[in-house]
Amino acid sequence: MNNQTEIQKRRTFAIISHPDAGKTTLTEKLLLFGGAIQVAGAVKSNKIKKTAASDFLEIEKQRGISVATSVMTFEYHNLLINLLDTPGHKDFAEDTYRTLSAVDSVILVIDCVKGVEPQTEALMEVCRMRNTPVIVFINKLDREGRNPFDLLDEIEQKLNIRVRPLSWPIGIGFTFKGVYNLYDHSLYLFHANRKATAEDRIPISSIDDKLLDEHLGNAVKQLRDDVHLIEGVYDPFDKEAYLKGDLAPVFFGSAINNFGVKELLDTFTEIAPPPGPRPAEERMVNQYEKSFTGFVFKIHANIDPRHRDRIAFLRVCSGKFERGKFYYHNRLQKEVRFNNPYSFLANAKSVVEEAYPGDVVGLYDTGNFKIGDTISEGEQLHFKGIPRFSPEIFKEVVNADPMKSKQFEKGIEQLTDEGVAQLFTQPQGNRKVIGTVGELQFEVIQHRLLHEYGAACRYNPLNVYKACWITAKDKLKMDEFIRFKMHQIMLDKDGHYVYLADSSWMLDQMMKNNPEIEFHFNSDTVQSSARTEKV
Ligand code: G4P
């Protein structure tokens, strides 16, 4: 098979949701339908419950699970599907943002009782940054949820995306009878006491088909009214708009009852995009190019603390990745070779000989990789688009054992390379600030520093509202601002200047009073401008 056929076969995606909407359940059901697992319950939830914030055994266990389920590959309808896992805990939201840079589309799960929740909005914002195509699955239809039209309105308004229902619920909660598939005109009846199977599909000629009356009785009138309204209000499904990330098709179902899952998977395989071109800072990289390129989007530490090696997850973007071949590590500017790269077919880790665009390869790493690193063949390239956002909690991290300062430095450096948290350091001096999305990471760092590096740390609270990356066209103005705000200026891991604002008011003032300085709220735009300056 040539590269082109291999690429066309691949669908690489992630399932995202606010915690508890049903991501784990849906993942498991998709794997079940895809034949990747035989029994329900095989995919363990990688959620760390709130109450377990200080239960380190739990953290260790979760790390083990998430290595195993980082990439789940299965075949379905002659396609090779790579499902990339995202963490369930909100404190690990940054991990999810990074994984989103490695997928070609997503399925977004929404709980029909709760509607759009804060994490749903944050995740969608990241999808919109890259125009990632999104399919929405409204879950838990067996519960007394909200009116489906209201839910669709809420999605359009809060998530800032047009929607088009492709299936429609008949009743909800106690009166839930099933769904009508508007895309391929079929009816699926819900049976409360048994799981749905592939044989449950009843083909229907049109919404006026008498078969509907037979199966639905009185409920058919409401369905016909709803469908007429949908056809009047929404334009027909436009696949091009979906592929551009402008329009989200919507499905309704109940993951726990297998309900609506097969239709979702069937439509996904029909409309979801294969791997496409990717922007690098230097140029656009086409997936069909002969030379291999890829980037690291996730790094996972070994769960055995005695071995400090890690697994770096690399998404292949073009060409063919081959085991044992020399490739160029663009940040370290040296040749590297991987003798035991891993793939994740059918949930079993196995050594891979070759991989194609859309695939994810697990590389053993002894500290050579940072998130965002590009590996290429014959050309220097830097893939764009692993954005970092301002953390929400900031603390100064201090070495608590002067005898172990080397271990402390190495530990902090490597843990933040892995993306556990963001590290900011003072341009002059050695002051270190750790920024995270949640409290849990501070405990994770303290625990792992001690157990994996033998170092101890303590934290000093800081009054920081937001971190903003700063750039300026005029170097003198930049130097002046840095001198003026010396105590609040830090460097991120890539050597970019960051301003730590102590309040929203102060940030506004700074922006108003320093029009020559550009304040960036994510690192995406900074990376390219900084690299241009260096060239
Ligand atoms: P998450 O990964 O998005 O955080 O959600 P997860 O799948 O773990 O689901 C959260 C809870 O919602 C689970 O219940 C799960 O069983 C339930 N759930 C998922 N899909 C449906 C559905 O279609 N209908 C109903 N009624 N419930 C659903 P739990 O009690 O928190 O966990 P568990 O003890 O059942 O595992």
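This is a predicted model: local features need pLDDT of at least 70, side-chain atom pairs count only at pLDDT 80 or more; totals for chains, interfaces and linings use all residues.
**Stop 1: the shell around the ligand**

Select the ligand and the protein residues around it. The shell holds 17 residues. Asp20, Lys23, Thr24, Thr25 and Ser254 are the closest of them. Colour the shell by residue type: four of its residues are nonpolar, seven are polar and six are charged.

Next, select helix H2, which spans residues 23-33.

**Stop 2: contacts with the ligand**

Show the backbone of Asp20. One of its N or O atoms there is 2.6 Å from a ligand oxygen atom. Move on to Gly22, where a backbone N or O atom lies 2.9 Å from an oxygen atom of the ligand. Then display the side chain of Arg143: an N or O atom in this side chain is 3.2 Å from a nitrogen atom of the ligand. On its own the ligand has 700 Å² of accessible area, and the protein covers 69% of this.

**Stop 3: the second largest pocket**

Which residue types make up the lining of the second largest pocket? Its residues divide into 13 nonpolar, six polar and six charged.

To finish, colour the model by domain. Domain 1 covers 3-174 + 238-271, and domain 2 covers 278-376. Each of these two domains supplies at least three residues to the lining of the second largest pocket.

Terms used: Residues are numbered from 1 along each chain as its sequence is written. Side-chain values use heavy atoms; hydrogens and water are left out. A residue is near a molecule or strand if one of its heavy atoms lies within 4 Å of it. A polar contact is a pair of N or O atoms within 3.5 Å; within protein, one must be able to donate a hydrogen and the other to accept it, and residues adjacent in sequence count only if both atoms are side-chain atoms. Accessible areas come from the Shrake-Rupley method with a 1.4 Å probe; for residues, only the protein chains shown count as cover. Helices (H or I, at least four residues) and strands (E, at least two) are DSSP runs, numbered from the N terminus. Ala, Val, Leu, Ile, Met, Phe, Trp, Tyr, Cys and Pro count as nonpolar, Asp, Glu, Lys and Arg as charged, and the others, Gly among them, as polar. Domain bounds come from an automatic or database domain assignment.
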